[in-house]
Amino acid sequence: MDELLKNLKISVSDSLYLKDPESSELGRKIIGSGILLIDRIGFEKFTFKKLGVEIQSNESSIYRYFENKHKFLLYITSWFWGWKEYQLTFATYGIDGASEKLLKAVEVMAHPVEEDIRFRHINEVALNNIIINESSKSYLTKKVDEENQHGHFMLYKRLVKRIRDMIIEVDESYAYPYSLATTLIDGALHQHFVSKHFKSITDCNDQITPSEFFKNMISTLLNMNYGKE
């Protein structure tokens, strides 16, 4: 496992870029600075012209890597889900108990994000803010079906399937494993959002985390023993 993680690279679909940003120092700078800029000013105000100013490069140099800012958002969103899959694999490696493995998966998906030193050009905390606040803009479009056919959401769907498999391992009779997996992944993001912006409509706060909420919900649905000792 350590040998595998040493040379780890998150593989994002090549349909999302014109030139692989991981292949050059400029490309990695575009990704890292672009994430920080979107986190700071929001996706609506984000432009390649503004990013060019940030990295002290021509706007045209960014267009050599990405067709437009929508593809850039799809790229960093996809990278995030690939990173989450890596985290999930690493965190659950060596756990034999199905229930314990699923509860660890809940922690991975719902706990606040910390920076990962293995990917020094990407600020995962800033990227997580974007996923919470902006990621729905990557798929709430008229072209979502076309983009899905091109594999743009492959890493997200693969992560859902991993968690679905863990749910089935705990309770193969449960009828809605895919729906529960997507509820966990997307619901965790939503609870982080509403606990910051709409505090009156969530029970999550400084004492009750989204992780605790989803552990309780999933363990209740699947008749697990979490919190019953």
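Predicted model: local features only at pLDDT ≥ 70, side-chain atom pairs only at ≥ 80, totals over all residues.
A pocket is an open set of grid points with protein on both sides within 12 Å along at least five of seven lines, and its lining residues have an atom within 4 Å of a point. Helix H10 gives the most to its lining, with five residues. H7 joins H10 there, each supplying at least two residues.

The volume of this second largest pocket is about 330 Å³. Its lining counts 16 residues. Look for Ile132, His192, Phe193, Ser195 and Lys196, which lie nearest its centre. Sorted by class, the lining has six nonpolar, seven polar and three charged residues.

Now move to the largest pocket. Its volume is about 450 Å³. It is lined by 25 residues. Closest to the centre are Ser135, Ser136, Tyr139, Tyr156 and Asp186. Several elements give two or more residues to this lining: H5, helix H7 (124-134), helix H8 (144-149), helix H9 (154-170) and H10. In this lining, 12 residues are nonpolar, nine are polar and four are charged.

Rolling a probe the size of a water molecule over the atoms shows where empty space is left. The structure holds one cavity of 30 Å³ or more. About 80 Å³ of space lies in the largest cavity.

Three helices each supply at least two residues of the cavity lining: helix H5 (69-92), helix H6 (98-110) and helix H10 (177-197). The largest share, four residues, comes from H10. The cavity lining divides into nine nonpolar, three polar and one charged residue.

Helix H6 leads on to a helix pair. Its partner is helix H11, residues 210-221. The two axes come within 9 Å and cross at roughly 145°. The crossing is right-handed. On the H6 side, the contact is made by Leu102, Leu103, Val106, Glu107 and Ala110. They meet Pro210, Ser211, Phe214, Lys215 and Ile218 in H11. By class, the residues of this contact are seven nonpolar, one polar and two charged.

Two backbone details remain. Most residues other than glycine have a negative phi. Gln56 is not a glycine, yet its phi is positive, near 55°. Where does Gln56 lie? Find it in the loop between helix H3 (48-55) and helix H4 (59-63). Is Gln56 buried or exposed? Gln56 has a relative accessible area of 75%. The cut-off for exposed is over 50%, so Gln56 counts as exposed.

Asn223 is the other case. Its phi is also positive, about 55°, although Asn223 is not a glycine. Asn223 sits in the segment after H11. Its relative accessibility is 64%. Asn223 therefore counts as exposed, since exposed means over 50%.

Methods:
Residues numbered from 1 in each chain as written. Heavy atoms only, no water. 1 Å grid on protein atoms, 1.4 Å probe; cavity = no way out; pocket = protein on both sides within 12 Å on 5 of 7 lines; lining within 4 Å. Points joined across faces, edges and corners; volume = space filled by probe spheres on them. Nonpolar A, V, L, I, M, F, W, Y, C, P; charged D, E, K, R; others polar. Axes fitted to C-alpha atoms, helices over the stretch in contact; angles between N-to-C directions. Left-handed = near helix turned anticlockwise from the far one by under 90°. Contact = heavy atoms within 4.5 Å. Buried < 20%, exposed > 50% of the residue type's maximum accessible area, 1.4 Å probe, protein only.
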